[in-house]
Amino acid sequence: MSTSDEEIWEECPEEEDDYEEIYREYLEGSQESIFWNAPSSAVQLAGTNKFLLVNGPDAGQVSEIGDVSETEPGTAPPLINRDGALDGSLPLFLTHKGGQHHRHLSHALARLHQSHGDNISLGVILKVYGQSAQASRGFFEQCATAAVRIADPMCYLLDENILRLKKDPVSKSALSRAPYLRDPDDKNFLGRVLNAQREIGANLLLTPGRALDADNPKQSINALFEEGERAMSLLGSGERLALNITTPARWLISESLREQLFNELLDHEEHQIWFVRSQWRSQRSHTQPADIELLNGYKRLSELALDEDRRLLLPQTGLTGWLMLAHGAKGFGIGSSGTDQAFTEPSFGRKPGATRKERYFERQLLHTVERNVHDVLASLPDYQPCTCPYCSTLLSSPAWSHEFAGLHLLYSIGRLTAEIQKDSNNGYHPAIRRIVNRASRYVADKGLTDINAPQHLSAWGQLL
Ligand SMILES: [Zn+2]
């Protein structure tokens, strides 16, 4: 287990306001500011008289033409709505708004939509308490390309006895912004949880998502579905609900626990959308779990969703979630920081004053490596440089931009998701297997070790 390469900001994502202040100071005069201060430009949304802003301070929003200085050639695909994203055939790429580097997520989403919107649908996930309600609404508005908007109520933080959580998981600011967390036994708890999401502007509501207890499986599952049934009865016209399921990894690994849950999911046809988060063992930042039993549990769940025509969304799973598209998952969640890509048991934070690791996602490896390792790989003849909107600035600046590295990661995995849709006639399995096989061949002679080695690839190969 790593204790040195976790990042301190990833440990306290709710302290966002402090972060913003530091970030503003840091941005002044940086190389990134040149990029972000570029003049506004826009691209026409095909078949409409509207324009998607793809550069400038309002990138990500949709505008009438009057207020942009420049238009880019070509058109972007028309925007799709929530039901088009949930019920249509495209994979759903969900972006988590983390505690850091989220200011320009809407830029990455706009660029992804512009170039790949024919092959992926987009969504965003924020935490109800992650910022003020007004800031949450603003974020949703900024991300006009996100067809699905989710405000995670984070009620599993109340389940310290079931999950492994950091000490005092519900902070003071969380309690003030999500007061329902104060009183889960209140008879209106469920209504308050749903209302908090509505007020922010979420368009796919979640049930509270209290963690399932492996020591009381029957009782836990009953409570989940009772709550789901009551939540359904509280929906207004046009509202949609996802059954929010949080479990320790054991539930996916143990055949008996898995079957109990799967049987109930099967029986409750009213729940068309499953939002499933399973807590992984502590692992190093930016790595994927290689536990074949856990991966197999995810695979079985994905197959169940596919067979039963339900939509399985796997928040906070990063590339592992992408892999599950091969088996029938509809979408997965990823962010630009380590914590938004893996729901793990907590590990120790970075020591104060320790340098933050400079990391780069290598598309050919399906893995994130240290910057110096990237430099070596990039000097080899079989290297394919990234063409995302961020890499030319990222890789030509002397100072490493963690923000650009995060946006590059996000954009690259969005592109990988679009690629499998484009490359598939009949399900994503063959397309994903080809990409994974290529990565396994690519890594073979690279001599990568420790955190730079994509140790998940052999488990993935077995699974596929
Ligand atoms: Zn890139």
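**Entry 1**

I take axes as lines fitted to C-alpha atoms, for helices over the stretch in contact, with angles running from 0 to 180 degrees between N-to-C directions. Helices (H or I, at least four residues) and strands (E, at least two) are DSSP runs, numbered from the N terminus. I am working on a predicted model, in which local features need pLDDT of at least 70 and side-chain atom pairs count only at pLDDT 80 or more, while totals for chains, interfaces and linings use all residues. Residues are numbered from 1 along each chain as its sequence is written.

I looked up helix α12 (residues 292-307) against α18, and found that their axes come within 10 Å and cross at roughly 45 degrees. That makes α12 oblique to α18; angles under 35 degrees count as roughly parallel, over 145 as roughly antiparallel, 65 to 115 as roughly perpendicular and the rest as oblique. The crossing of α12 and α18 is right-handed. I use the rule that a crossing is left-handed if the near helix is turned anticlockwise from the far one by less than a right angle, and right-handed if clockwise.

On the α12 side I noted Ile292, Leu295, Asn296 and Lys299, and on the α18 side Ala459, Gln462 and Leu463. Contact here requires C-beta atoms, placed from the backbone, to lie within 7 Å. I sorted the residues of the contact of α12 with α18 into four nonpolar, two polar and one charged. In this sorting Ala, Val, Leu, Ile, Met, Phe, Trp, Tyr, Cys and Pro count as nonpolar, Asp, Glu, Lys and Arg as charged, and the others, Gly among them, as polar.

**Entry 2: α17 and α18**

I turned to α17 and α18, which pack at an angle of about 145 degrees with their axes 10 Å apart. This crossing is left-handed. Val436, Ala439, Ser440 and Val443 of α17 meet Leu457, Trp460 and Gly461 of α18.

The loop between α17 and α18 (456-463) holds Asp450. I noted that its phi is near 50 degrees, a positive value in a residue other than glycine. Asp450 counts as exposed, with 9 C-beta neighbours inside 10 Å. My cut-offs are 20 or more other C-beta atoms within 10 Å for buried, 12 or fewer for exposed, and in between for partly exposed, with C-beta atoms placed from the backbone.

I also checked Pro430, which is in helix α17 (residues 429-443). Pro430 is partly exposed, with 15 other C-beta atoms within 10 Å. Pro430 and Leu464 are 34 residues apart in sequence, and their C-alpha atoms are 8.8 Å apart in space.

**Entry 3: another positive phi**

I looked up Asp168, in the loop between β7 (148-152) and α7 (172-177). Asp168 is not a glycine, yet has a positive phi of about 45 degrees. With 9 other C-beta atoms within 10 Å, Asp168 is exposed.

**Entry 4: α5 and α16**

The axes of helix α5 (residues 105-116) and α16 come within 10 Å and cross at roughly 25 degrees. I therefore record α5 and α16 as roughly parallel to each other. Their crossing is right-handed. Ala108, Arg111, Leu112 and His116 in α5 meet residues of α16 including Leu407, Tyr411 and Arg415. I count six nonpolar, two polar and two charged residues in the contact of α5 with α16.

Is Arg415 buried or exposed? Arg415 counts as buried, with 20 C-beta neighbours inside 10 Å. I also noted that the C-alpha atoms of Arg415 and His286 are separated by 18 Å, the two residues being 129 apart along the chain.

**Entry 5: the largest nonpolar core**

I looked up the largest nonpolar core, which has 125 residues. Such a core is a set of buried Ala, Val, Leu, Ile, Met, Phe, Trp, Tyr and Cys residues joined through C-beta atoms within 7 Å. Leu52, Val148, Ala242, Trp274, Phe275, Leu313 and Ile432 touch the most other members. Helix α16 (residues 402-422) gives the most to this core, with 10 residues. In soluble globular proteins, nonpolar side chains tend to be buried together.

I followed up Phe275: not counting residues up to four places away in sequence, Phe275 touches Leu206, Ala242, Leu243, Asn244, Ile245, Leu313 and Pro315.

**Entry 6: Glu264**

Glu264 lies in helix α11 (residues 255-267). I have Glu264 as partly exposed, with 16 C-beta neighbours inside 10 Å. Leaving aside neighbours within four places in sequence, Glu264 is in contact with Ile221 and Phe225.

Conventions: Two residues are in contact if their C-beta atoms, placed from the backbone, lie within 7 Å.
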